[in-house]
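I opened the notebook to record what was looked up in this structure. The entries follow in the order in which I made them.

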Amino acid sequence: MNIELLESSFGQLKNREAEFTAYFYTNLLTDYPEVQPLFANTHMKEQQQKLFQSLVLVVDSLRQPDVLTSALKGLGTRHVKYGVLPEHYPMVGGTLLKVFSICLKEAWTLNTELAWIEAYGAIAQLMLDGAEYPPEILNPHN
């Protein structure tokens with residue numbers, strides 16, 4: 001994992017929380033209207049802050065894998081309670097990449113994109129590892 005590139009690219013966004021999270025939720029809810037019910041009873045300003053705090057935690061913990069693993073598994077456990085399903089993770093990942101590209105503009109290089117694709121894959125897997133879904137949700141075709 002390219003920790004330096006993840007840290008430097010996210011560092012360019014740290015003072016742009018409101019812009020980043022507004023773009024994120026606008027794009028997520030527009031591109032994937034099927035997730036809108038998950039936010040029906042959500043205070044969106046608080047949700048935006050939680051998203052950004054989670055990203056800060058991830059980036060700040062990249063050099064502490066044990067801390068990061070524990071935090072992400074816990075986050076995955078909590079997301080089950082909110083109705084998040086495994087199929088929602090690629091939607092969120094795609095939206096994150098899209099918003100990073102919008103906000104970083106010319107700083108969004110192929111290497112930066114590849115670093116975030118790899119990072120999000122690991123993040124999603126750890127969150128899913130912490131989620132306790134019934135077998136029929138994880139393997140719907142069995």
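Entry 1. I took buried to mean under 20% relative accessible area, exposed over 50%, and partly exposed in between, with a 1.4 Å probe and protein chains only. The model is predicted, so I noted that local features need pLDDT of at least 70, side-chain atom pairs count only at pLDDT 80 or more, and totals for chains, interfaces and linings use all residues. Residues are numbered from 1 along each chain as its sequence is written, and side-chain values use heavy atoms, leaving out hydrogens and water.

Entry 2. I looked up helix H1, residues 3-11, and found Ile-3, Leu-5, Leu-6, Ser-9 and Phe-10 buried. Helices are DSSP runs (H or I, at least four residues), numbered from the N terminus. Seen down the axis of H1, the buried residues fall within an arc of 165 degrees, so they line one face of the helix; the arc is that of the directions from the helix axis to the C-beta atoms.

Entry 3. I then asked what covers the buried residues of H1. The cover includes helix H3 (44-60), helix H5 (88-104) and helix H6 (110-130).

Entry 4. I examined H1 against H3. Leu-6, Glu-7 and Phe-10 of H1 meet Phe-52, Leu-55, Val-56 and Val-59 of H3, where contact means heavy atoms within 4.5 Å.

Entry 5. I turned to Ala-124, which lies in helix H6. Ala-124 counts as buried because its relative accessibility is 8%. From Ala-124 to His-43 I noted 81 residues in sequence and 24 Å in space, C-alpha to C-alpha.

Methods:
Helix = DSSP H or I, 4+ residues; strand = E, 2+ residues; numbered from the N terminus.
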